[in-house]
Amino acid sequence: MFGGLRQWFDTSETGKTPDYRFSLANERTFLAWIRTGLALIAGGLACAQFLPPLPVAHLREIIAILLLVLGALVALRAVDHWARTERAMRLGTDLPRSRFPAVLAMAVAAGAVVIIIAVLIQVF
């Protein structure tokens, strides 16, 4: 397990240096994912602090915790994808495929549906 974590920090020791434009593009993508993770964490904190109690018991807390966990997962996935992409560019291999954007989109959509249902229950 820790061998994989070490690879996050040792990307410059693998292969040859790629074109800087590609490395910088990879870094911009990483930073976009970090912003997404931070936004999810901020949303989780906002739900925990400012969302009024919902008609379903503890739904507010569940939503907050799910957003916080999702934000943490996005941040971890961002660094893993950045390191794998950097390594692939240095070794001249195909870039790693990722299903994570689709999984994240489905999770956000499912969360939105749950919140819509909760709001509709509260209204009616």
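The model is predicted, so local features need pLDDT of at least 70 and side-chain atom pairs count only at pLDDT 80 or more, while totals for chains, interfaces and linings use all residues. Residues are numbered from 1 along each chain as its sequence is written, and side-chain values use heavy atoms, without hydrogens and water.

I begin with helix α3, residues 59-91. Helices here are DSSP runs of H or I with at least four residues, numbered from the N terminus. The expected span is 1.5 Å times one less than the number of residues. Just after α3, Gly 92 has a positive phi of about 70°.

Next, the packing of helices. The axes of α2 (residues 20-50) and α3 come within 7 Å and cross at roughly 170°. Axes are lines fitted to C-alpha atoms over the stretch in contact, with angles from 0 to 180 degrees between N-to-C directions. The two helices are therefore roughly antiparallel, a term for angles over 145 degrees. Their contact has 21 nonpolar, 8 polar and 3 charged residues. Ala, Val, Leu, Ile, Met, Phe, Trp, Tyr, Cys and Pro count as nonpolar, Asp, Glu, Lys and Arg as charged, and the others, Gly among them, as polar.

I turn to the aromatic rings. Rings of Phe, Tyr and Trp (its six-membered ring) pair if their centres lie within 6.5 Å; planes under 30 degrees apart are stacked, over 60 edge-to-face, and the rest tilted. The count is 2 aromatic pairs. Phe 30 and Trp 82 have ring centres 6.3 Å apart and planes at 50°, so this pair is tilted. It links Phe 30 in helix α2 with Trp 82 in helix α3, 52 residues apart. Trp 33 and Phe 100, with centres 5.7 Å apart and planes at 55°, also form a tilted pair.

Note on methods
Parallel < 35°, antiparallel > 145°, perpendicular 65-115°, else oblique.
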